[in-house]
Amino acid sequence: MCLAIGTGMLASCGSAVPLYKTSIANNRISVPVSTFAQTDFQLISPEKFAYNIGLRKENDGTYTALLLRCTHHDNQLITTGNGYRCTLHGSQFNKEGQVTNGPAERSLKKYPTQVVDNQIIIQIT
Amino acid sequence: MLKTFTLSLLFSVIAVAAYAQQPLSAEDSLTRNLSSSATTVGGYGNAFYQNNSHLQSAKVNLERGVIFIGHKFNDKISVFSELELEDAKLASGESGGEISFEQLYLKFNLNANQYLVAGLYTPRIGIINENHLPNTFNGNERNYVETLIIPATWRELGVGFYGNLTSVPLTYSVGLVNGLDAGGFAHGTGLRGGQFEGRNASANNLAVTAAVQYFYKDFKFQVSGYYGGAAAVSKRKADSLGLNSGIFGTPVAVGEADVQWAADGFQVRALGTAVSIPDAEKINHAYANNTPKTEYGAYLEVGYDLLSHVKTQHNQQLVVFVRDEKFNLNAEIPNSGVTDGALNQNHVVAGFTYLPIRNVAVKADVRFIHTGDQNAALIVNPNPVALPYQTDYNLVNLGVAFSF
């Protein structure tokens with residue numbers, strides 16, 4: 001039913017992915033902590049960056065930033081209900097970035113994060 | 001109409017060319033540095049033993065060996081290739097064996113969510129056509145529905161546009177590729193003989209493909225379609241053969257829908273597809289190849305990983321599965337054709353797939369085949385030593401597969 005009604009309705013089916021558009025300055029991405037008030041996941045879309053970043057709030061209050069680039073052939077990943085998927089050869093990764101289905105063999109690249117002045121700083125390394 | 005499509009194609013090429021000439025920005029340089037290597041190598045292969053109860057014979061074959069090579073010129077432009085050798089060897093004067101590019105295309109990343117491909121590629125139609133690594137499906141053989149009704153691996157030359165929404169887990173793709181050749185259709189092989197696969201393809205006809213995927217929790221839904229012309233000859237020749245020419249002249253339409261679900265060790269796949277060839281009667285008058293008006297196929301597969309709740313080294317998997325495949329390659333035959341009951345088949349496949357690591361599979365399965373009666377009128381030159389046709393027989397398969 002969700003499928004039949006269109007994307008407007010899809011967003012209300014319980015699987016909408018919060019998106020935060022930003023830019024990169026000095027190899028850093030800054031995301032307000034307040035964007036996590038209603039969710040524990042944000043899809044970060046840096047301007048002119050080839051890949052999105054999955055930013056997740058952990059139970060201990062820290063944040064995990066994953067580069068959504070398949071470790072098999074560098075294809076962009078899409079965010080699914082239970083992790084990430086590559087449409088090129090079918091590799092799948094869980095929310096922690098670990099491979100759950102090949103051909104990819106390596107986990108997703110993880111960026112260091114820290115919270116400074118209510119801003120989550122993702123260090124692009 | 002022809003002008004519209006020609007202009008669209010020209011526009012795509014010009015857009016890609018203009019895009020490729022854009023100077024790299026500071027951000028481009030940054031993302032370019034993300035890669036540790038600009039060239040990637042991968043591949044897959046499978047070999048299996050098969051015992052055929054009907055022929056009372058067995059064979060063992062290295063069915064496929066495929067090498068991927070990809071090269072990233074920068075984070076915006078890449079090239080991908082898959083070079084395949086079937087049956088291990090290609091020798092002059094001997095039948096069997098094939099070496100071909102399964103894919104060879106340039107990929108242009110427009111942004112983090114959209115990209116274009118141009119070249120020889122496999123459009124998103126069904127499940128196997130796009131993702132056909134042998135360690136990712138159960139059974140030594142690919143399912144027959146996506147071998148005969150959807151002729152995977154179905155690759156043609158063209159341009160594809162892929163993207164995904166960021167607000168919802170939905171992907172979309174559209175493609176423009178060369179059409180099929182109705183003169184290549186052969187009785188009992190569906191659309192397969194009409195493929196050009198990148199070699200001197202006729203561009204007298206074109207085809208459009210499109211697909212939408214939606215992900216919801218542990219589900220993946222997809223609908224896809226194909227519509228294209230299959231005359232594959234000039235207007236003058238088409239007129240002389242009694243075929244309709246033009247971009248979509250002598251059309252072939254393929255529709256498909258599938259759903260996949262995996263959770264707690266269980267995995268389920270279901271797919272349905274249908275092919276329509278409304279001008280089949282004209283094709284038969286032109287080529288006498290017994291082209292059907294309609295084909296259809298569907299399958300349902302259920303599997304369970306017996307090791308899903310067992311902590312093992314390297315996350316080993318032992319999947320037991322059963323699949324029911326139903327297809328009819330001549331569901332509707334025009335007046336100019338002959339119905340063959342042998343092309344109406346039901347297969348039940350059961351077995352296991354053991355993955356000591358995710359990229360390596362050891363497989364064992366048995367395929368129980370039931371077909372309708374063969375139409376004796378179609379046997380023009382009977383083989384004097386041929387065994388009587390059997391409507392029920394089985395294939396026992398044992399094999400190994402890998403990808404990396």
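1. Helices (H or I, at least four residues) and strands (E, at least two) are DSSP runs, numbered from the N terminus. On that basis, N118(A) is found in the loop between β11 (113-116) and β12 (119-123) of chain A. Its phi is near 60 degrees, a positive value in a residue other than glycine. Buried denotes under 20% relative accessible area, exposed over 50%, and partly exposed what lies in between (1.4 Å probe, protein chains only). N118(A) counts as exposed, at 58% relative accessibility.

2. Conventions. This is a predicted model, in which local features need pLDDT of at least 70 and side-chain atom pairs count only at pLDDT 80 or more, while totals for chains, interfaces and linings use all residues. Residues are numbered from 1 along each chain as its sequence is written, chains are lettered from A and ligands numbered from 1 in the order in which they are written, and side-chain values use heavy atoms, with hydrogens and water left out.

3. Chain A overall. Chain A contains 2 helices and 12 strands, and its pattern along the sequence is α-α-β-β-β-β-β-β-β-β-β-β-β-β. Of its 125 residues, 51% count as buried. Contact is taken as heavy atoms within 4.5 Å. Among the contacts in chain A between residues at least 6 apart in sequence, 39% join residues at least 24 apart.

4. The sheet of chain A. Two strands pair if DSSP finds at least two bridges between them. In chain A, 5 strands form an open sheet with mixed pairing, in the order β1-β3-β4-β5-β10. Each of β1 (19-22) and β10 (110-111) of chain A stands at an edge with a single partner strand, so one side of each is left without a neighbour in the sheet. The pairing of β1(A) with β3 (residues 41-46) of chain A is in the parallel sense, over 4 bridges. Within it, L19(A) stands opposite L43(A) in β3(A).

5. Extent of the interface. Contacts between the chains involve 44 residues of chain A and 46 residues of chain B. The buried area, meaning the accessible area (1.4 Å probe) that two parts lose on being put together, summed over both, is about 3,800 Å² between chain A and chain B, and carbon and sulfur atoms give 57% of that. In chain A, the residues that lose the most area to chain B are H73(A), Q76(A) and T87(A), together 15% of what that side buries.

6. Polar contacts and composition. A polar contact is a pair of N or O atoms within 3.5 Å; within protein, one must be able to donate a hydrogen and the other to accept it, and residues adjacent in sequence count only if both atoms are side-chain atoms. Across the interface of chain A and chain B, 15 residue pairs are in polar contact (both at pLDDT 80 or more). On the side of chain A that touches chain B, the elements giving two or more residues are α2 (7-15), β6 (78-80) and β9 (99-101) of chain A. The largest share, 5 residues, comes from α2(A).

7. Salt bridge between the chains. A salt bridge is a side-chain nitrogen of Lys or Arg within 4 Å of a carboxyl oxygen of Asp or Glu. The count between chain A and chain B is 1 salt bridge. The side chains of D74(A) and K72(B) meet in a salt bridge at 2.8 Å, N to O. Both D74(A) and K72(B) are buried.

8. Other salt bridges. Over all chains, the structure holds 14 salt bridges. In chain A, the side chains of R56(A) and E96(A) meet at 3.1 Å, N to O. R56(A) lies in strand β4 (residues 53-57) and E96(A) in the loop between β8 (92-93) and β9 of chain A, so the pair ties together parts that are 40 residues apart in sequence. R56(A) is buried, at 14% relative accessible area, whereas E96(A) is partly exposed, at 41%. In chain B, a network of salt bridges links E141(B), E301(B), R323(B), E325(B) and R367(B).

9. E197(B) and R155(B). E197(B) has a phi near 55 degrees, a positive value in a residue other than glycine. The side chains of R155(B) and E197(B) meet in a salt bridge at 3.6 Å, N to O. R155(B) is buried, at 4% relative accessible area, and E197(B) is partly exposed, at 25%.

10. Local features of chain B. A cis peptide bond joins A152(B) and T153(B), with omega about 5 degrees. Q345(B) lies in strand β14 (residues 344-357) of chain B, and its side chain reaches the backbone oxygen of A342(B) at 2.9 Å.
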